[in-house]
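Trainee: I would like to go through the terms used for this model and see what each one rests on. Please set each value against its cut-off.

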Amino acid sequence: MATTVISTFTLGLDLDNDSLMVDVLDEGIGLGPRDDSPGLGFGLPIIANVTDAYALVPTDDGGTRVSMRFDFAG
């Protein structure tokens with residue numbers, strides 16, 4: 001039996017002279033260990049490798065905010 005999960009998300013962008021900030025907020029169930037996964041998966045390691053800084057923060061409603069900063073080369 002297949003399960004369908006529908007979750008809405010919000011995308012925020014902030015651009016200045018030095019960097020681009022990207023915020024992704026979802027209304028899901030948050031981040032947590034999964035029994036069917038042997039590790040972090042692909043998403044978080046990719047974010048860590050392509051951003052200049054990032055943060056994962058749980059939201060008050062149980063979702064997650066991922067904030068990512070991309071600095072412009074001088």
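Trainee: Why is Ser19 called buried?

Mentor: Buried means under 20% relative accessible area, exposed over 50%, and partly exposed in between, with a 1.4 Å probe and protein chains only. Ser19 has a relative accessible area of 7%, so Ser19 is buried. This is a predicted model, in which local features need pLDDT of at least 70 and side-chain atom pairs count only at pLDDT 80 or more, while totals for chains, interfaces and linings use all residues. Residues are numbered from 1 along each chain as its sequence is written, and side-chain values use heavy atoms, with hydrogens and water left out.

Trainee: Which residues is Ser19 in contact with, leaving aside its neighbours within four places in sequence?

Mentor: Contact means heavy atoms within 4.5 Å. With those neighbours left aside, Ser19 touches Asp14, Arg69, Phe70, Asp71 and Phe72. Ser19 itself lies in strand E2; strands (E, at least two residues) and helices (H or I, at least four) are DSSP runs, numbered from the N terminus.

Trainee: What makes Thr51 buried?

Mentor: Thr51 has 11% relative accessibility, so Thr51 counts as buried. Its place is in the loop between helix H1 (43–50) and strand E3 (53–58). Beyond its neighbours within four places in sequence, Thr51 is in contact with Met68, Arg69 and Phe70.

Trainee: What lies 2.8 Å from a polar atom of the side chain of Thr51?

Mentor: The backbone oxygen of Ile47 lies at that distance, 2.8 Å. A polar contact is a pair of N or O atoms within 3.5 Å; within protein, one must be able to donate a hydrogen and the other to accept it, and residues adjacent in sequence count only if both atoms are side-chain atoms.

Trainee: What makes Phe9, Leu11 and Leu13 a nonpolar patch?

Mentor: Patches are made of residues with over 30% relative accessible area and no salt bridge; nonpolar side chains (Val, Leu, Ile, Met, Phe, Trp, Tyr) are joined within 5 Å, and like charges within 9 Å. Phe9, Leu11 and Leu13 form such a patch on the surface, with about 370 Å² of accessible area together. Accessible areas come from the Shrake-Rupley method with a 1.4 Å probe, and for residues only the protein chains shown count as cover.

Trainee: How do you know that E1 and E2 pair?

Mentor: Two strands pair if DSSP finds at least two bridges between them. E1 and E2 (residues 19–26) have 7 bridges and run antiparallel. Leu11 stands opposite Val24 in E2, and the two strands form a hairpin with 3 residues between them.

Trainee: What joins E3 to E4?

Mentor: There are 6 bridges between E3 and strand E4 (residues 64–71), again in an antiparallel arrangement. Pro58 has Thr64 in E4 as its bridge partner. E3 and E4 form a hairpin with 5 residues between them, and Gly62 in the turn has a positive phi of about 100°.

Trainee: Why does Val24 count as partly exposed?

Mentor: Val24 has 26% relative accessibility, so Val24 counts as partly exposed. The C-alpha atoms of Val24 and Ser67 are separated by 6.5 Å, although these residues are 43 apart along the chain.

Trainee: What makes the pair Arg65 and Asp23 a salt bridge?

Mentor: A salt bridge is a side-chain nitrogen of Lys or Arg within 4 Å of a carboxyl oxygen of Asp or Glu. For Arg65 and Asp23 the N to O distance is 3.4 Å, and their side chains meet in a salt bridge. Arg65 lies in strand E4 and Asp23 in strand E2, so the pair ties together parts that are 42 residues apart in sequence.

Trainee: How many salt bridges does this rule give?

Mentor: The count comes to 2. Asp71 and Arg69 also form one, with their closest N and O atoms 2.7 Å apart. Asp71 is partly exposed because its relative accessible area is 36%, and Arg69 counts as partly exposed at 29% relative accessibility.
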